[in-house]
Amino acid sequence: ARDLAAALEASVDAARAAAAVPAFSEALEHVRSLLELWDDVDDAEQRAAMAHADVLRWAADLAHDVGDSPQAVVYQRSAIAALADAPPAQRGLLHERLGRFLQAAGRADDAIVEYESAVELVTEPTSRERAVVLAGYGQQLMLTLRHAEAVVALEEAIEVARRIGDRRIEGHALTSLGSMYLHEGRAALGHGLLREAAEIARAEGAHGELLRTYVNVVSGLVDVGDLAAAERYAVEGLRGAAELGHESFFIGANLVFVLTERGRWDEAAAVSDTLRRPEGHLPHLWLAHSSSDRAFWSGDLDGAARALDGSEPSEGWYVEPQLVPMHWARRAAVAIERGDTVAARDALERGLAVVVTLPQELELRLHAVEAEMAADDAAAVATHLDAVERLIEERFDPDDTGAHRVLALSAEAAAHRAELVGTDPGEHWLEAVGHWEA
């Protein structure tokens, strides 16, 4: 028994030492040993200086850190069961954390359920716990493209965080809100909120949140087409991550997208080769998309199609729903270049069924225009152009000059409309080129 007790204490010390490095995989192995020994040591709680539920929560966090989110879910559910009689606010935080692990495991619908439970359990309107669960819930709503609901949750989270003076929670919610607006094509608003979030993260020394801000601002700027700014942020973010001793796959992956869109394919491939892919489905999808883009723009249609094979939308895609419509846009682009109108129409129908953000829907609609022009279907071309013009009128501020992709696609639509009615499209094509080059 004495040997088991000593082994338990040694596991605690080793886990803490490994986590401090940080060496999360090693720390997780020690925590697993601790859990295996727990029931065989009578005074385990005293020797470990923590409750069994706290060990389970620790194991969940470490499993998530190493990319094993499904195992994190298992540990976190066990912790929730062990703390069934805890105060509501404490249980709410446990459900919020479980929601985060479920999201990372690709189970978006289950994650929403847990976040909703968290919000219901934490009712004190001016508490840190309320700000935490609202910020997490709003982020999940943003990730699953439920933008109207996300705005409500995130704005309340920001309000509560400011009232209680918690800058870190405020910054976290601002990152989610800014990212959502940027991906919607509202460049000035989204970019401004993300800059504010980054300033908070720097001031607070919140390194992980600062890197998350970089990931989101680069990704969003790619979506709206401000590639020069996206590249600057990506390079700056990677440099900052290196100075902190961190690797950031997702900042690097976004830089690959930027370089590819700017036609610097060799540089994009070189950056891609340096990235160490973490565990999970999402990194695989990002690399598949970047490989497909490089092949497509270099004229290798077979290579572009192969890169997308095996990455069809599935439950795992809910980790990043915005990738789904763009998968179908890539499929459509390959089919159009091959002259396969049937395959192009199928891919576009699938993409338009799930798209939410303005830049992505415009891109899908312009691909549809190309496909129908190739099929000599003037009525279908007109229908898609009508949809583009309606989207621009209803959802875009023409003074938002940083949204180059939206402006370029709008100009392309005007050029196609001119071609349809028999007028000179030259001015519109020049305008589109200008925005793409910006």
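How do the residues of the lining of the largest cavity divide into nonpolar, polar and charged? The views below start there. The model is predicted: local features need pLDDT of at least 70, side-chain atom pairs count only at pLDDT 80 or more, and totals for chains, interfaces and linings use all residues. Residues are numbered from 1 along each chain as its sequence is written, and side-chain values use heavy atoms, with hydrogens and water left out.

View 1. The structure holds one cavity of 30 Å³ or more. About 30 Å³ of space lies in the largest cavity. A cavity is a set of points, on a 1 Å grid over the protein atoms alone, where a 1.4 Å probe fits but cannot get out; lining residues have an atom within 4 Å of a point. Volume is the space filled by probe spheres set on the points, with points joined across faces, edges and corners. Arg167, Arg168, Gly171, Ala197, Ile200, Ala201, Glu204, Ala206 and Glu209 form the lining. They divide into four nonpolar, one polar and four charged. Here Ala, Val, Leu, Ile, Met, Phe, Trp, Tyr, Cys and Pro count as nonpolar, Asp, Glu, Lys and Arg as charged, and the others, Gly among them, as polar. Both α10 (167-183) and α11 (187-204) supply at least two lining residues. The largest share, four residues, comes from α11. Helices are DSSP runs (H or I, at least four residues), numbered from the N terminus.

**View 2. The second largest pocket.** About 1100 Å³ of space lies in this pocket. A pocket is an open set of grid points with protein on both sides within 12 Å along at least five of seven lines. Its lining has 42 residues; Glu261, Asp293, Trp297, Glu363 and Arg405 lie nearest its centre. Helices that each supply at least two lining residues include α12 (207-224), α14 (249-261), α16 (281-297) and α23 (426-437). The largest share, eight residues, comes from α18. By class, the lining has 20 nonpolar, ten polar and twelve charged residues.

**View 3. Packing of α4 and α6.** Helix α4 (residues 52-65) packs on helix α6 (residues 88-104) at an angle of about 25°, with the axes 11 Å apart. Axes are lines fitted to C-alpha atoms over the stretch in contact, and angles run from 0 to 180 degrees between N-to-C directions. The two helices are therefore roughly parallel to each other (angles under 35 degrees). α4 passes α6 in a left-handed crossing, meaning that the near helix is turned anticlockwise from the far one by less than a right angle. Arg57, Ala60, Asp61 and His64 in α4 meet Leu94, Arg97, Phe101 and Ala104 in α6. Contact means heavy atoms within 4.5 Å. The contact residues divide into four nonpolar, one polar and three charged.

**View 4. Packing of α18 and α20.** The axes of α18 and α20 come within 10 Å and cross at roughly 20°. That makes α18 roughly parallel to α20. The crossing is left-handed. From α18, Pro325, Met326, Ala329, Ala333 and Ile336 meet Gln360, Glu363, Leu364, His367, Glu370 and Ala371 of α20. Seven of the contact residues are nonpolar, two polar and two charged.

**View 5. Crossing of α21 and α22.** The axes of helix α21 (residues 378-395) and α22 come within 10 Å and cross at roughly 145°. This crossing is left-handed. Contact residues in α21 include Ala378, Val381, Leu385 and Ile392; those in α22 include Val406, Ala413, His416 and Leu420. The contact divides into nine nonpolar, two polar and three charged residues.

Conventions
Angles under 35 degrees count as roughly parallel, over 145 as roughly antiparallel, 65 to 115 as roughly perpendicular and the rest as oblique.
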